Amino acid sequence: MKFTYYGHACFAVQAGGKTLLFDPFISPNPLAKKIDVNKVAADFILVSHGHGDHVADVIDIAKRTGAKVIAPFEVGSWFENKGVKNVQSMNHGGAAKMDFGRVKLTSAIHSSSMPDGSYGGNAAGFVVEADDGKFYYSGDTALTLDMKLVGESVKLNFAVLPIGDFFTMGIEDAVRAAEFVSAKKFVGVHYDTFPSIKLDHAAAQKAAIAAGMELLLPGIGETVDI
Ligand code: NI
Ligand code: MN
């Protein structure tokens with residue numbers, strides 16, 4: 001599967017012939033300056049929770065592309081109130097068939113409020129199953145035993161996990177999360193954007209290798225085959 005990194009926790013995956021864009025936070029991110037947000041493609045925009053560093057560009061990209069926004073209920077309703085037409089609000093444990101395959105919302109241990117302070121429900125993660133592969137994006141979360149349920153039910157090609165610490169899992173817990181979901185390969189996100197989440201890249205790679213895992217840290221704007 002093709003994976004494109006847009007910085008912070010924003011990435012796109014080509015799955016089932018569609019472009020799935022996750023947690024768009026591009027225009028406010030100084031590290032992603034070279035990305036032209038007006039050219040970012042999306043057939044679906046999957047939003048894990050309401051925090052600004054995950055939703056900043058959702059409305060603009062959704063309106064430009066007509067992409068379907070898939071989000072936890074309160075987050076999706078907030079976007080509908082902002083004039084986004086094509087929204088599929090879901091909730092934890094629920095799965096739905098989409099043009100690309102199947103998506104299921106998983107639990108995440110994190111908070112969620114919208115940029116204007118309104119209630120954002122509970123933060124979520126996603127399991128995506130398409131004909132060409134399966135992956136799990138945890139969203140912002142602490143390590144949780146619930147992740148073992150993902151590993152028990154789906155054979156993943158890869159996982160996408162926050163590794164920046166401070167607001168989410170750090171690398172040690174992310175390695176354990178990868179073990180819990182039985183992924184040998186994971187992409188690290190949610191690091192380096194702010195001083196509090198600066199990552200020691202060499203130490204992170206070392207921790208992954210010591211656990212027999214492959215940690216991918218694509219550059220911003222880079223597309224890799226996973
Ligand atoms: Ni957050
Ligand atoms: Mn975040």
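1. A quick definition before the metals: donors here are N, O and S atoms within 2.8 Å of the metal, and since water is not among the atoms, sites may look incomplete. Keep in mind too that this is a predicted model. With that said, aspartate 140 bridges the nickel ion (ligand 1) and the manganese ion (ligand 2), and the two ions sit 3.1 Å apart. Histidine 49 lies in the loop between strand 4 and helix 1, and aspartate 140 in the loop between strand 10 and helix 4, so this pair links parts 91 residues apart in sequence. Both histidine 49 and aspartate 140 are buried.

2. On the nickel ion (ligand 1) itself: His49 (NE2), His51 (ND1), His110 (NE2) and Asp140 (OD) coordinate it at 2.2 to 2.4 Å. Along the chain, the spacing of these donors reads H-x1-H-x58-H-x29-D. The site comes out as irregular, with angles of 87 to 178° among the four donor atoms.

3. Have a look at threonine 168, in the loop between strand 11 and helix 5. Threonine 168 is buried, at 9% relative accessible area. Its contacts beyond four places in sequence are Asp140, Thr141, Pro162 and His190, and Asp140 is the bridging residue from point 1.

4. Helix 5 (171-180) comes next. Its buried residues include Ile171, Ala174 and Phe180, and the buried set packs against helix 4, strand 11, strand 12, helix 6 and strand 13. Just past the helix, serine 182 has a positive phi of about 55°.

5. Last, the largest nonpolar core: it has 82 residues, and Val69 and Phe79 are among those touching the most other members. Helix 5 gives the largest share, six residues.

Notes
Residues are numbered from 1 along each chain as its sequence is written. Chains are lettered from A and ligands numbered from 1 in the order in which they are written. This is a predicted model: local features need pLDDT of at least 70, side-chain atom pairs count only at pLDDT 80 or more; totals for chains, interfaces and linings use all residues. Side-chain values use heavy atoms; hydrogens and water are left out. Helices (H or I, at least four residues) and strands (E, at least two) are DSSP runs, numbered from the N terminus. Buried means under 20% relative accessible area, exposed over 50%, partly exposed in between (1.4 Å probe, protein chains only). Contact means heavy atoms within 4.5 Å. A nonpolar core is a set of buried Ala, Val, Leu, Ile, Met, Phe, Trp, Tyr and Cys residues joined through side-chain atoms within 4.5 Å. Donors are N, O and S atoms within 2.8 Å of the metal (3.2 Å for Na, K and Ca); water is not among the atoms, so sites may look incomplete. Four donors count as tetrahedral if all angles lie between 85 and 135 degrees; four count as square planar and six as octahedral if opposite donors are over 155 degrees apart and all others between 65 and 115; anything else is irregular.
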